[in-house]
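Thanks for coming. I will talk about charged side chains and how they pair up in one protein model. Please look at the structure first.

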Amino acid sequence: MIGLGTLINTAAIVLGGLFGLLFGKRLGERHQDTLMKTCGVTVIFIGIAGVLSKMLSVQGAALVSGRSLLLVLCAAVGALIGEWLNIEGGFERFGQWLKRKTGNAKDKTFVDAFVTASLTVSIGAMAVVGAIQDGLSGDSSVLVTKSILDFVIVMVMTSSLGKGCAFAAIPVLIVEGSLTLLARLIAPIMTDAALANLSMVGSMLIFCVGLNLTFGKRIRVANLLPALILAVASAFLPVGL
């Protein structure tokens, strides 16, 4: 069934949020703070691993690093575009709207929890590849695997950040659902090189989310999202970066 993977992923995030709420109520403030920082460190290492897996290669007996210029240019230009568009502000306004409509107006952490969790589970090659596979052949295996990871991540985040994390299911439903519906149009663009670039830059953004979780909000990660589009586009440049 085409679209099943997106539905499973959405449901997994909601369930993760519900389990996190039940678990989080049993924790004191000190425990929640430790759990949030632990989650942040974990996300940092996930991001580092994703970036290095695309930057490092073995040539003979040597470990060689490359594609640094691509990462720098995509991040810098993407950040300028994102700041101009103020994508982070859009996320926050949507979070504020959700906060009011869901009866959580008094929840001070709702918006930050929603934005942080949304960026963590929406960014990455798994969402793109899985949604395209689902749309082309009805193969939801990648999104099912992602669902398990997202369930754990959102459960832990909800325990420390609050119920806003569970509403990350909405952008995931929109993003993955759209990619599934447009799969036949997008598939020719998502070459191996484009996916590798997307994975590397996406992992860098996940690293930034981890920094915000660990040290407090220091980076407007949503404003870096245009870097993902630039990463895909760079795969079609006549000169490699």
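**Salt bridges in the model**

D33 and K37 are four residues apart in helix α2 (residues 29–55), so about one helical turn separates them. Helices here are DSSP runs of H or I with at least four residues, numbered from the N terminus. D33 and K37 form a salt bridge, with the closest N and O atoms 2.9 Å apart. By salt bridge I mean a side-chain nitrogen of Lys or Arg within 4 Å of a carboxyl oxygen of Asp or Glu.

Some background on the source. This is a predicted model, where local features need pLDDT of at least 70 and side-chain atom pairs count only at pLDDT 80 or more, while totals for chains, interfaces and linings use all residues. Residues are numbered from 1 along each chain as its sequence is written, and side-chain values use heavy atoms, leaving out hydrogens and water.

How many salt bridges does the structure hold? It holds four.

Next, R220 and E83 meet in a salt bridge, at 2.9 Å from N to O. R220 lies in the loop between α10 (192–215) and α11 (226–234), and E83 lies in helix α3 (residues 68–85), so the pair ties together parts 137 residues apart in sequence.

Then there is E176 with K146, at 3.1 Å from N to O. E176 is in helix α8 (residues 169–181) and K146 in helix α7 (residues 141–161), so this pair links parts 30 residues apart in sequence. Salt bridges with shared partners join K146, D150 and E176 into one network.

Are E176 and K146 buried or exposed? E176 is buried, at 1% relative accessibility, and K146 is buried at 5%. Buried means under 20% relative accessible area, exposed over 50%, and partly exposed in between, with a 1.4 Å probe and protein chains only.

Notes:
Helices (H or I, at least four residues) and strands (E, at least two) are DSSP runs, numbered from the N terminus.
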